[in-house]
Amino acid sequence: MSEALVIRSADQDDIGTIGYLAHQVWPVTYKDILSSDQMNYMLDLFYSPESLENQILQLNHRFIIAEIELGEVGFASFGPVDKATWKLHKLYVLPGLQGKGVGRALLDMVEEEVRTHNGAHLVLNVNKQNKAISFYEAMGFNIEKEEVIDIGNGYVMDDFVMGKDV
C-alpha cells in the first residue's frame with residue numbers, strides 16, 4: 001500500500017462514519033451468511049447512532065478508525081472483559097481494501113492498547129461461516145469454543161470464540 005495508513009482514536013463525533021462504514025462492509029461480508037432481514041436487524045441493533053453512543057459511553061468500547069489520505073477505510077472496537085482479558089468487538093475494512101494490511105494494522109493497534117493496559121489475552125467472536133476466520137488464524141488466534149447468542153427477533157449469532165495471548 002503506497003498511501004500512508006493512519007490509525008486514530010474515534011469518539012462520539014465519529015458515530016456517523018462508523019455507521020457508514022458498517023453499511024458498506026456488511027452487505028458484502030455477510031451476503032452469503034445472513035438473510036437481508038437479519039442483516040438489516042443487526043445493522044440497526046449494533047450500528048444505529050443510539051447503539052454506537054451506548055457502546056462508547058456505557059459499555060466502555062473503544063473505537064479506532066483506519067484512514068488513507070484522510071478517507072476512512074475501516075474501524076475496530078475493543079474493551080476489557082476483566083483485568084487480563086480484552087475483547088475485540090468489531091473489525092471491519094472496506095471490501096476493496098481487504099488483504100492490503102489495513103485489518104492487520106487495526107489489530108496491531110488493538111493488541112498494543114491491550115498490552116498498554118496490562119491485558120494478556122484477546123478474544124473475539126466470528127461467525128462460523130465468515131471468511132475472516134483464516135485472517136484471524138494467520139494473526140495467531142485459535143478457536144477456543146463455539147457460542148450461539150440469541151440477539152432477539154428470532155435471530156441468533158452462531159459463532160466461534162477465538163483468542164490469543166498478547
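Visitor: Is Leu70 buried or exposed?
Guide: This is a predicted model. Leu70 sits in the loop between β2 (62-68) and β3 (71-80). Residues over 50% relative accessible area count as exposed. Leu70 has a relative accessible area of 72%, so the residue is exposed.

Visitor: What is the phi of Leu70?
Guide: Most residues other than glycine have a negative phi. Leu70 is a residue other than glycine, yet its phi is positive. The value is near 65 degrees.

Visitor: Where is Asn118 found, and is Asn118 buried or exposed?
Guide: Asn118 lies in the loop between α4 (102-116) and β5 (121-127). Its phi is positive, near 65 degrees. The cut-off for exposed is over 50%. Asn118 has 64% relative accessibility, so it counts as exposed.

Visitor: Is Thr85 buried or exposed?
Guide: Thr85 belongs to strand β4 (residues 85-93). Buried means under 20% relative accessible area. Thr85 comes to 18%, so it counts as buried.

Visitor: Which residues does Thr85 touch, not counting those up to four places away in sequence?
Guide: Leave out residues up to four places away in sequence.

Visitor: How is α2 oriented to α3?
Guide: Two packed helices are described by the angle between their axes and the distance between the axes. The axes of helix α2 (residues 36-47) and helix α3 (residues 49-57) come within 5 Å. They cross at roughly 45 degrees. That angle makes α2 oblique to α3.

Visitor: Which residues in α3 meet α2, and how do the residues of the contact divide?
Guide: On the α2 side are Asp44, Leu45, Phe46 and Tyr47. They meet Pro49, Ser51, Leu52 and Gln55 in α3. The residues of this contact divide into 5 nonpolar, 2 polar and 1 charged.

Visitor: In what order do the elements of the protein chain run?
Guide: The chain has 5 helices and 7 strands. Read from the N terminus on, the order is β-α-α-α-β-β-β-α-β-α-β-β.

Visitor: What is the radius of gyration of the protein chain?
Guide: The C-alpha trace spans about 40 × 35 × 30 Å along its principal axes. For 166 residues the globule rule gives 15 Å. The chain is close to that, so it is as compact as a globular protein of that length, with a radius of gyration of 15 Å.

Visitor: How much of the accessible surface belongs to carbon and sulfur atoms?
Guide: Buried residues make up 43% of the 166 residues. The accessible surface of the chain comes to about 8,700 Å². The part that belongs to carbon and sulfur atoms is 48%.

Note on methods
Residues are numbered from 1 along each chain as its sequence is written. This is a predicted model: local features need pLDDT of at least 70, side-chain atom pairs count only at pLDDT 80 or more; totals for chains, interfaces and linings use all residues. Side-chain values use heavy atoms; hydrogens and water are left out. Helices (H or I, at least four residues) and strands (E, at least two) are DSSP runs, numbered from the N terminus. Buried means under 20% relative accessible area, exposed over 50%, partly exposed in between (1.4 Å probe, protein chains only). Contact means heavy atoms within 4.5 Å. Axes are lines fitted to C-alpha atoms, for helices over the stretch in contact, and angles run from 0 to 180 degrees between N-to-C directions. Angles under 35 degrees count as roughly parallel, over 145 as roughly antiparallel, 65 to 115 as roughly perpendicular and the rest as oblique. Ala, Val, Leu, Ile, Met, Phe, Trp, Tyr, Cys and Pro count as nonpolar, Asp, Glu, Lys and Arg as charged, and the others, Gly among them, as polar. The radius of gyration is taken over C-alpha atoms; the globule rule is 2.2 Å times the number of residues to the power 0.38. Accessible areas come from the Shrake-Rupley method with a 1.4 Å probe; for residues, only the protein chains shown count as cover.
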